[in-house]
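Biologist: I'd like to learn how to read the cores and salt bridges in a model like this one. Could you walk me through it?

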Amino acid sequence: MTSGPRRPRRATAVPAAAGLLLAAAGLSGCGLVSGSPMSDDVRPGTIGRGQPLKGAELTVTSKEFTENIILGQLMGLAFKAAGATVVDKTNIQGSIGAREAVKSGTADGMYEYTGTGWITYLGHERPIVDPRKQWEAVRDGDRANGLEWLPQSKLNNTYALALNAEQYERLGVETLSDVAELSRENPSAVTLCAEAEFSARNDGLPGMTKAYGMTIPPGNIKKMTSGVVYTQVAEGRACTFGEVYTTDGRIKAMGLKALKDDRHFFPNYNAAPEINAATLKKYPRIADVLAPVTAALDNAVAQSLNAKVDVDGQDPHEVAKEWMIEKGFIKEGG
């Protein structure tokens, strides 16, 4: 996913799947030289009691899209409540740049996606269908790179095809197999709006059409930016179906219907903390601090938080902080 803001931190929410192949421009060009202290006055709620990270100086990072920035803020706030001094280096351009920051020790941790780790970084072509087994494989494979993956969340930010409610009722499609059948019976009925990258990736449109036996004439595929895809699908004019990301807040806000990937073609992109191994060895309580936060994350939570940024225009840091307080994980200082 494109990796994926600073205020204006209004980013297009892009999944772990979208910007995987963006090359890192080098650490000096990725915003890694400077960072800002996380100055929130917060204290432990249900996490961080006894301040097990007191005295630690920890740097959090993220990619440049809305969801990953929010996740980076959640991590930083958790560390802060547990007593650490935290530097915010979120919003790094490109998946590889953020990962290299953690790998090199320039940053101590981020939330990464298992599908990204397995396919892009570890070089495997086929995803592992079982989410836990994929996480275990990524965890074991990345240890050689000096990275530790803590237990994953239920948040799975992967690709999907979606359509508006009117088209959903009219066509009666529930799954990608239904779309494939429709494409064979009436190719002109299947028009698709998608990003250029998705249209070219093997884990995108070419692989999906092959796996499902879809017939989509080239003239029925319209390439555009992610944000335009959502508006065009909602209007139902330029295309019937659109490439979306399963945790994007605009799916619910625009009343779109995401179809089931019934053959499990798309990889699982479960978010999990990726921590520099030396940092975790020095501060093993990081795992305890993050575990409840990670366990509370799922697609519904992500859609809600992402929508507050991408639809309502709120700041990712404030959205993250509000949720952490609402869940009782942290409390306002005082």
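Biologist: Which residues of the largest nonpolar core touch the most other members?

Modeller: The general idea comes before the case: a nonpolar core is a set of buried Ala, Val, Leu, Ile, Met, Phe, Trp, Tyr and Cys residues joined through side-chain atoms within 4.5 Å. Buried means under 20% relative accessible area, exposed is over 50%, and partly exposed is in between (1.4 Å probe, protein chains only). Here the largest nonpolar core has 44 residues, and Leu53, Leu74, Phe79, Ile286, Leu290, Trp323 and Met324 touch the most other members.

Biologist: Which elements give two or more residues to this core?

Modeller: Strands E3 (57-61), E5 (109-113) and E12 (271-276) do, along with helices H1 (66-81), H12 (286-295), H13 (299-310) and H14 (316-326). The top contributor is H1, with 8 residues. Those labels are DSSP runs numbered from the N terminus: helices are H or I with at least four residues, strands are E with at least two.

Modeller: Before we go on, a word on the source: this is a predicted model, where local features need pLDDT of at least 70 and side-chain atom pairs count only at pLDDT 80 or more, while totals for chains, interfaces and linings use all residues. Residues are numbered from 1 along each chain as its sequence is written, and side-chain values use heavy atoms, with hydrogens and water left out.

Biologist: What is Met324 in contact with, leaving aside its neighbours within four places in sequence?

Modeller: Contact means heavy atoms within 4.5 Å. On that basis Met324 meets Ile47, Leu74, Leu77, Ala78, Val293, Phe329 and Ile330. There's also a second, separate core of 35 residues, with Tyr168, Leu182, Met214 and Met224 among them.

Biologist: Now the charges. How many salt bridges does the count come to?

Modeller: The rule is a side-chain nitrogen of Lys or Arg within 4 Å of a carboxyl oxygen of Asp or Glu. That gives 12 salt bridges. One of them pairs Glu112 with Lys63 at 2.6 Å, N to O. Glu112 sits in strand E5 and Lys63 in the loop between E3 and H1, so the pair ties together parts 49 residues apart in sequence.

Biologist: Is Glu112 buried or exposed?

Modeller: Buried, with a relative accessible area of 0%. Lys63 is buried too, at 0%.

Biologist: And which parts does the Glu322 and Lys308 pair link?

Modeller: That salt bridge is 3.0 Å, N to O. Glu322 is in helix H14 and Lys308 in helix H13, 14 residues apart. Glu322 counts as partly exposed, at 39% relative accessibility.

Biologist: Which residues do shared partners join into one network?

Modeller: Arg139, Asp140, Arg143 and Glu148.
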